[in-house]
Amino acid sequence: MTSVTSLTDLVHQRLSDALASALPEADGVDPLLRRSDRADFQANGILALAKKAKANPRELATQVLARVESGELIRSIEVSGPGFLNITVGDPAIVRTLAERYADPDRLGVPVTEHPGTTVIDYAQPNVAKEMHVGHLRSAVIGDALVQLLEFTGENVVRRHHIGDWGTQFGMLIQYLDEHPGELDHKAAEDGAASGEEAMSNLDRLYKAARRLFDSDEEFKARARRRVVDLQAGEPKTLAAWQRFVDESKIYFFSVFEKLDLEVRDPDIVGESGYNDMLDETCRLLEESGVAEISEGALCVFFDDIKGPDGNRVPLIVRKSDGGYGYAATDLSAIRDRVFGLKATSLLYVVDVRQSLHFKMVFETARRAGWLGDDVTAHQLAFGTILGEDGKPFKTRAGKSVKLEDLLDEAVQRATSVVREKAGKVGLSEREIEENGRYVGIGAVKYADLSTSAVRDYKFDLEQMVSLNGDTSVYLQYAYARIQSILRKAGEARPVAHPELGLAPAERALGLHLDRFGETVTEAAKEYAPHRLTAYLYQLASTLTTFYDQCHVLSPENAPEVVENRLFLVDLTARTLHKGMALLGIRTPERL
């Protein structure tokens with residue numbers, strides 16, 4: 001595993017040395033290097049340094065310039081404006097740095113964090129016995145991308161799917177199943193396994209029938225409520241029936257996640273019920289420490305800065321006045337388990353922005369209790385809403401929530417049509433068309449979500465998502481497939497880096513952008529911001545398009561070493577696109 005020092009870091013170090021040489025007290029000062037349109041890099045740190053030293057910034061910049069060692073790394077450097085330094089790196093340095101990345105096919109030189117912690121990521125949290133809808137999409141897609149990014153950069157990641165598998169509704173469902181025992185039986189299947197579609201169909205039918213009976217039959221309602229008491233008391237027959245609902249729901253969950261091309265492992269599913277044995281102790285610890293207090297019979301935590309419309313403080317209710325436990329008790333118990341059991345140093349919750357107040361109160365309570373602090377942090381990545389074309393939350397025409405499976409099926413159907421239109425040019429088989437249709441359709445849905453900052457709402461527009469033009473995953477997938485086509489047509493020519501060659505402007509632009517991959521991935525992981533990676537990849541594909549317009553790769557007029565160097569550039573671009581898309585959970589077909 002090789003970590004490649006980026007051009008940014010190389011130039012940064014060279015400037016830091018020159019700053020310290022020109023002004024000894026500036027040793028360790030950041031030269032504030034950034035990418036620039038005026039040159040390859042611009043350093044802005046001299047302005048603040050000159051002000052602190054009461055020196056003329058241009059004169060100080062000139063002194064620093066004189067001490068910068070030029071050569072293969074730095075081709076030219078000049079003072080600009082009030083005291084900026086504009087730096088242009090040498091072509092050989094670009095190619096040599098990229099060659100180091102190319103020699104590390106698994107990581108492309110992306111560094112691994114020196115001091116990894118353990119992050120528990122809570123994401124993809126559907127509810128037992130209920131269909132998944134469009135509202136479940138963002139948590140699953142964003143959470144999975146963050147798992148990939150953090151693991152790739154060296155963090156120890158523990159996945160947790162906090163499914164809704166406990167509550168009073170199970171009394172109704174279990175009682176109905178007890179009185180109608182065949183309702184969850186499956187039709188015979190060739191492999192003996194139930195499909196996710198059949199599992200959800202059975203659950204949905206049973207839930208609706210149980211709800212109708214619950215609302216119309218007072219005697220059944222009473223029996224159902226007694227079942228809740230049995231469930232909470234751990235009565236074996238009732239627990240066994242509850243487990244059937246959980247198992248049946250998992251069959252459905254796994255089928256939807258598989259369609260979303262997202263790995264969910266059974267040991268990582270720890271629902272609300274997984275913390276039942278901790279609830280009483282959590283309440284006792286909060287009450288004994290004085291963090292929580294009894295108010296009107298309920299165990300509550302109060303906050304001076306959180307008040308209702310009447311001006312009174314709004315509490316976090318940990319235990320209800322009837323002795324029942326709310327979501328707060330479960331979430332606080334989960335924090336205890338993750339901090340003291342899993343030894344987490346960071347807790348990340350990928351949860352709807354509408355739950356922000358709840359988690360603010362839960363995290364503050366955990367801090368007061370000493371479960372969170374400087375050594376262990378908690379953060380809610382509060383994502384926005386998926387909107388329809390009317391700018392309102394995405395619904396069906398009948399005003400109902402859009403089923404996630406239906407949405408994914410339509411995306412694949414539309415994408416398959418797009419792939420089929422182009423299939424003749426590359427000779428795709430029907431199997432390849434269908435496979436690529438899945439990759440393109442699911443990739444389109446994921447990319448549209450991830451290319452938007454998580455905190456923002458976005459409009460769900462399938463037609464735009466599967467478009468070959470614009471900031472879409474399809475555009476990136478076709479860029480990758482086009483490079484594979486060029487490599488296949490290259491014959492005996494092979495990708496080889498040639499640092500001795502001068503680079504054309506479009507080659508330089510592509511090379512400089514490729515060099516930013518490592519810092520972009522590190523940044524995206526550190527900031528929990530997959531959209532930074534999508535923006536980088538889109539710019540990479542756009543830079544590649546300009547490169548194609550200006551630099552013919554396999555032209556017979558090119559010298560052999562030029563062909564090899566350009567094949568090297570496009571192959572590294574393909575590897576970067578492939579790795580970047582994989583970190584987002586999106587596949588890149590070889591032929592498209």
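The questions below go through the sheets, helices, histidines and cores in turn.

Biologist: What kind of model is this, and what are the ground rules?

Modeller: This is a predicted model, in which local features need pLDDT of at least 70, side-chain atom pairs count only at pLDDT 80 or more, and totals for chains, interfaces and linings use all residues. Residues are numbered from 1 along each chain as its sequence is written, and side-chain values use heavy atoms, leaving out hydrogens and water.

Biologist: In what order do the 4 strands of the parallel open sheet lie?

Modeller: Helices (H or I, at least four residues) and strands (E, at least two) are DSSP runs, numbered from the N terminus. Two strands pair if DSSP finds at least two bridges between them. On that basis, the pairing here is parallel and the order is β6-β5-β10-β11.

Biologist: Which strands of this sheet are at the edge?

Modeller: An edge strand here pairs on one side only. That picks out β6 and β11.

Biologist: By how many degrees are neighbouring strands of this sheet turned against each other on average?

Modeller: Axes are lines fitted to C-alpha atoms, for helices over the stretch in contact, and angles run from 0 to 180 degrees between N-to-C directions. For this average, direction is ignored. The value is 20 degrees.

Biologist: Which helix touches β5, β6, β10 and β11?

Modeller: Contact means heavy atoms within 4.5 Å. The helix packs on the sheet, and its direction makes about 160 degrees with that of β6. Its name is α5.

Biologist: Which residue of β11 stands opposite V351?

Modeller: Strand β10 (residues 346–352) pairs with β11 in the parallel sense, over 7 bridges. V351 stands opposite A382.

Biologist: Why is β11 called largely enclosed by the rest of the structure?

Modeller: Buried means under 20% relative accessible area, exposed over 50%, and partly exposed in between (1.4 Å probe, protein chains only). Strand β11 (residues 377–383) is largely enclosed because its buried residues number 5 of the 7.

Biologist: In the open sheet of 3 strands, which strands stand at the edges?

Modeller: The order is β7-β8-β9, with antiparallel pairing. Each edge strand has a single partner, so one side of it is left without a neighbour in the sheet. The edges are β7 (293–295) and β9 (316–319).

Biologist: Which residue of β8 stands opposite E293?

Modeller: β7 and β8 (residues 298–301) pair in the antiparallel sense over 3 bridges. E293 stands opposite C300.

Biologist: Which helix lies across β7, β8 and β9?

Modeller: It runs at about 125 degrees to β9. It covers residues 279–288 and is named α10.

Biologist: How far apart are the end C-alpha atoms of α13?

Modeller: The expected span of a helix is 1.5 Å times one less than its number of residues. Helix α13 (residues 404–426) has 23 residues, so it should span 33 Å. The end-to-end distance agrees, at 32 Å.

Biologist: Where does α13 bend?

Modeller: The bend at a residue is the angle between axes fitted to the seven residues ending there and the seven starting there. In α13 the angle is about 30 degrees, at R420.

Biologist: Which residue with positive phi follows α13?

Modeller: Its phi is near 70 degrees. The residue is G427.

Biologist: Is H162 buried or exposed?

Modeller: H162 lies in the loop between β6 (156–160) and α6 (169–179). Not counting residues up to four places away in sequence, H162 touches several residues, including D122, Y275 and R338. Its relative accessibility is 12%, so H162 counts as buried.

Biologist: How far apart in space are H162 and I269?

Modeller: In sequence, H162 and I269 are 107 residues apart. In space, C-alpha to C-alpha, the distance is 6.5 Å.

Biologist: What is the relative accessibility of H136?

Modeller: H136 lies in the loop between β5 (118–122) and α5. Leaving aside neighbours within four places in sequence, H136 is in contact with Q125, P126, N127 and E131. H136 counts as buried because its relative accessibility is 14%.

Biologist: How many residues has the largest nonpolar core?

Modeller: A nonpolar core is a set of buried Ala, Val, Leu, Ile, Met, Phe, Trp, Tyr and Cys residues joined through side-chain atoms within 4.5 Å. Those with the most contacts inside the largest core are L85, I87, F245, L533 and F547. Its residue count is 153.
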